[in-house]
Amino acid sequence: MARILYDDLVFIFISLLVLHSICVIAHSREINEKKPCKRFVLHYHDILFNGTNFANATSAASMNKTNLGNFNFGKIVVFDDPMTKDSHLLSPPVARAQGFYFYDTKTKGNAWFAYTLIFNSTEDKGTINIMGADLIGQEPIDLSVVGGTGDFFMTRGIVTFRAEAIEGFDYFRLEMDIKLYECY
Amino acid sequence: MARILYDDLVFIFISLLVLHSICVIAHSREINEKKPCKRFVLHYHDILFNGTNFANATSAASMNKTNLGNFNFGKIVVFDDPMTKDSHLLSPPVARAQGFYFYDTKTKGNAWFAYTLIFNSTEDKGTINIMGADLIGQEPIDLSVVGGTGDFFMTRGIVTFRAEAIEGFDYFRLEMDIKLYECY
Amino acid sequence: MARILYDDLVFIFISLLVLHSICVIAHSREINEKKPCKRFVLHYHDILFNGTNFANATSAASMNKTNLGNFNFGKIVVFDDPMTKDSHLLSPPVARAQGFYFYDTKTKGNAWFAYTLIFNSTEDKGTINIMGADLIGQEPIDLSVVGGTGDFFMTRGIVTFRAEAIEGFDYFRLEMDIKLYECY
């Protein structure tokens, strides 16, 4: 009888260990920085309204800069910008980015963003909500995905910005590397 | 002895299966789109300050529209709006909605919202933080619940908007269907 | 044989109970309001630009108040404010707070905040994204940590505000008690 009990205990102990490992692994997996459950790279094109480019403009300054420094401190820009799969402005957009940014630093061009990526194609339907700081000279420039809807129901993650082009006062382009770590 | 071991193995295997199922179900349940852990519908009343309706106004344009199109592109409105259980403006508010929205589209009246629902009654105390896009003509119009405090500690979820009424320039009403999927 | 089966069942039943408890505890722990996985208190210093204090100013009003009441309703302030470990303005900052707030109440000085805490020291590198309402006269004043990056990868939590000082129109200080409940 003792022998049987001993066998039982060994097996039960091993089964507990195995199950515990499964649980731990299952939890860690959701949150491995190297392994997003979904990832895609899109390009954001911002064409600022300058008073004459009505047809092309996709953003406009709600409020102009204050006099605090020479880096547009306090300038608030509302945008409805196209997102493309490659870096060409005229490529068919796969999503829109609707939201705003403002400049918030005296001595460089840091900006703060909050916006929604809107997908409405046969491939994807839904939205991804993002907020965070676009910090000049910091690597990587990471913002937070704070929620999602539709095909991106309840998602969370990280968006990494990379400045791709700045042309004059009216156009700039950002690469946005979107990494989702919670997918349902 | 072999027989006993075999019995043990069968039982342990079955117990592992059962436990694993429990774990999987427990996890799936938190994130079943059809089954929020809490749900309630409230009505949002926005009365825009027009310069003369001081007593009734609950919101005001911080910045007026830009000239980019005819849909108020760039207009930013700050609000402290009552939330009621039914659709009557004069019903006793069960919460306040404090935050802002702005219009962000050239060719239709899309808006972008970020705000806090504030509960301070015997029934509920705490806040729910929300952000996302109010997209005209898209169904459903879903925004993200990105956090909560007090009775809504650490909550996440979805808020679905439904336009209920627009009266002139100064009043509109939205139904907000609040579905929480993380409740602690 | 019946006896052996009975022993097996007892052990398996007990092991199931134990494992289930472990699972439940593991899950509850992540979300125990009393036990954040990380906690620290910082002090936020806001020096508003008044037109002459260029050297010291760390924030500026993008848009001035509307005429809706006497509590700055609609005034939007963009900031790049130092965060210190003690309450002295001139202590070396351990982080920056970049973002904005606006006043949103007719009859008191409630404000709504959205901002990013930026850490860039040997101790911590990364950002914490925060949004919520600063409600005068409500205790506690809790906002939501909605995401994080770098050393604060994917974090969520609560920030509790406490007003520490208001000096004239241009300076105020807040204690921010940052409690993180999801740490990866």
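**View 1. Phe100(A) and Trp112(A) are both buried residues.** Buried denotes a relative accessible area under 20%, exposed over 50%, and partly exposed the range in between, computed with a 1.4 Å probe and protein chains only. The coordinates are those of a predicted model, in which local features need pLDDT of at least 70 and side-chain atom pairs count only at pLDDT 80 or more, whereas totals for chains, interfaces and linings use all residues. Residues are numbered from 1 along each chain as its sequence is written, chains are lettered from A and ligands numbered from 1 in the order in which they are written, and side-chain values use heavy atoms, with hydrogens and water left out.

The partners belong to distant parts of the chain, 12 residues apart: Phe100(A) is in strand E4 (residues 95-103) and Trp112(A) in strand E5 (residues 111-120) of chain A. Rings of Phe, Tyr and Trp (its six-membered ring) are paired if their centres lie within 6.5 Å; planes under 30 degrees apart are stacked, those over 60 edge-to-face, and the rest tilted. Helices (H or I, at least four residues) and strands (E, at least two) are DSSP runs, numbered from the N terminus.

**View 2. One aromatic cluster contains residues of chains A, B and C.** Its members are Phe100(A), Phe102(A), Trp112(A), Phe100(B), Phe102(B), Trp112(B), Phe100(C), Phe102(C) and Trp112(C).

**View 3. Lysine charges sit over phenylalanine rings of another chain.** The charged end of Lys106(B) is 5.0 Å from the ring centre of Phe54(A). Likewise, Lys106(C) places its charged end over the ring of Phe54(B), 5.0 Å from the centre. The criterion is NZ of Lys or CZ of Arg within 6 Å of the ring centre and within 35 degrees of the ring normal.

**View 4. Strand E1 of chain B pairs with strands E9 and E3.** E1(B) spans residues 38-47 and is mostly covered, with seven of its 10 residues buried. E1(B) runs antiparallel to E9(B) (residues 171-182), to which 10 bridges join it; here Phe40(B) stands opposite Ile178(B). Two bridges connect E1(B) with E3(B) (residues 76-84), also an antiparallel arrangement, and the bridge partner of His43(B) in E3(B) is Thr84(B). Strands pair if DSSP finds at least two bridges between them.

**View 5. Asn72(A) and Met154(A) have positive phi without being glycines.** Asn72(A), with phi of about 65°, is found in the loop between strands E2 (59-63) and E3 (76-84) of chain A. Its relative accessible area of 25% makes Asn72(A) partly exposed. Met154(A) has a phi of about 65° and lies in the loop between E7 and strand E8 (156-167) of chain A. At 1% relative accessibility, Met154(A) counts as buried.
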